[in-house]
Amino acid sequence: MAAHKNTAAAPETGGARAVGSDDYALSRVPRDKRLGFWTMLLQWLAQSGSISQFTLGATIGVGMSFGDAFWAFTLGAVILEVVIFAIGLAGMREGLATPLLTRWVGFGRNGSALVSLVISVSLVGWFGVQNTIFGDSVSSLVGGPSWLWCVVAGVAITVLVIFGFRYMAVFAKIVTPLFFAMVAWSVTDALSEHSLSELIHSPAPGQAIPLSVAATAIAGGYMTGAIVSPEMTRYNRKGGHVFLQSASSMILSEYIVGLTGVLLGHMVGSGQVSQIVLSTSGVFGVLVVLMSTAKINDWNLYGSSLGVVNFFQVVFGKRLHRGAVTVALGVAGTVLSAVGIMTHFTDFLSVLGVAIPPVGGIIVAEYWVVRRMRAPLDATREAGTLPATSPTWVPMSLVIWAAAFCVGKFYDGGIPALNSLLTAFVLYSVLGLAGWIRTYGTSTLDGGPADPTEPSAHTPGTATVGAP
């Protein structure tokens, strides 16, 4: 392996090194640094429950019977689990997060920078939006200005994410059982005054919601999280663990939290059930919403930091420390949420939500179907190193990405996020197997050409994806 490769994969020295953990932002997670089944399971389960998921269930329950809602959540859960497992398993095998994985899986070095930018902007944007929701919720519960609570949550989550995945895992171990215990107590207390049989068999109290619309809300709402699942699964030891943990998360999120929300929606005839879930009131209510926000929102900030590190390394040749990037992103997201700006960007973030699923379709198609760009990963996986070079451009992938986005954005039928993902998967698979997707140029890991003295290093057609 070339000497420059190890330099590129190592964190910068100096003051930036002391800012938290770099968390293998530009390298594989070593096998001996992977985490055990139960630690990772709690990380997955920590993503399963949130106040917003109860609200989603209640909103669906207002427009659907319990039986119809069951099938809507089933469809959404199956879609998400297929996507999470296909992409997450690739992340586990390679020990790579999504932004870095795309250098050798579908997009090439420069394309991965664009992927990183879209993911980073989307995730840090949702970090700010969730932080705003937190500030407004706590302000209505216990008083005080919303901006102050935004600052409290933003600083707390930023400090946690600075120190990286292992500290986030410890946080999940503590708060996940506590969160579900507190919420179970308040929800059980509310439902105990009603007949569960009557709630289950009662008709929808509001205007009917079609199955496709409900499934869109369920699957589409978490599709970005499914695409960036390698951020978590790269710390897994076995592929079977990825399936069991993600499936457990889906069962808890959709069938327990989501369907409980449906019952609450039937009970009150409205999607506004957060006060029931937070009926522990006072300091305990604040703790519930704080933990709910933190254990979801830490992943928004974490994934965004990984994307920014890859973007700067590709575009500017600058190796940033992930901890320092987290500080900058956390401060920006916190300030914007505190001054109330982030809520004006939700439409823009929703557009990015349609732009990200095609990335997943291309990853799955290249890694599991076409399987030609990933050869350097196969050759270096056992050694735990990264390939010395990667393709510079894969123009057809960008064309497919744009076409799939248009399908998801402008086609009215089905589930937009799924439409764009499947379009990208089918187009890449067909064109890749036909040998029509070509890589252009070769770059070393530190960003230079494979051989600066060799003109052919940047001539078109250095490799054909899917060619025999």
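## Helix α21

In this predicted model, the buried residues of α21 are Ala417, Leu418, Asn419, Ser420, Leu421, Thr423, Ala424, Tyr428, Ser429, Leu431 and Gly432. The helix spans residues 416-433, 18 residues in total, and its first and last C-alpha atoms lie 26 Å apart, close to the 26 Å expected at 1.5 Å a residue.

## Salt bridges

Five salt bridges are found in a search of the whole structure. In one of them, Asp22 pairs with Arg319, with 2.6 Å between the closest N and O atoms. Asp22 sits in the loop between α1 (3-9) and α2 (37-46) and Arg319 in the loop between α15 (282-316) and α16 (322-338), so this pair ties together parts 297 residues apart in sequence. Asp22 is buried, at 9% relative accessible area, and Arg319 is buried at 9%.

Glu94 and Arg381 also form a salt bridge, at 2.7 Å from N to O. This pair links distant parts of the chain, 287 residues apart: Glu94 belongs to helix α4 (residues 66-94), and Arg381 to the loop between α19 (375-380) and β1 (389-393). Glu94 is buried, with a relative accessible area of 1%, whereas Arg381 is partly exposed at 22%.

A salt bridge of 3.2 Å, N to O, joins the side chains of Arg374 and Asp378. Through shared partners, salt bridges connect Arg28, Glu94, Arg374, Asp378 and Arg381 in one network.

## Positive surface patch

Lys33, Arg166, Arg237 and Lys238 form a positive surface patch. Arg237 is located in the loop between α12 (230-233) and α13 (239-268) and is partly exposed, with a relative accessible area of 46%.

Terms used
Residues numbered from 1 in each chain as written. Predicted model: local features only at pLDDT ≥ 70, side-chain atom pairs only at ≥ 80, totals over all residues. Heavy atoms only, no water. Patch = residues over 30% accessible without salt bridge, like charges linked within 9 Å, V, L, I, M, F, W, Y side chains within 5 Å. Areas by Shrake-Rupley, 256 points an atom, 1.4 Å probe, with all protein chains shown as cover. Salt bridge = Lys/Arg side-chain N within 4 Å of Asp/Glu carboxyl O. Lys, Arg positive; Asp, Glu negative; His and termini not counted. Charge placed at Lys NZ, Arg CZ, Asp CG, Glu CD. Helix = DSSP H or I, 4+ residues; strand = E, 2+ residues; numbered from the N terminus. Buried < 20%, exposed > 50% of the residue type's maximum accessible area, 1.4 Å probe, protein only. Expected span 1.5 Å × (residues − 1).
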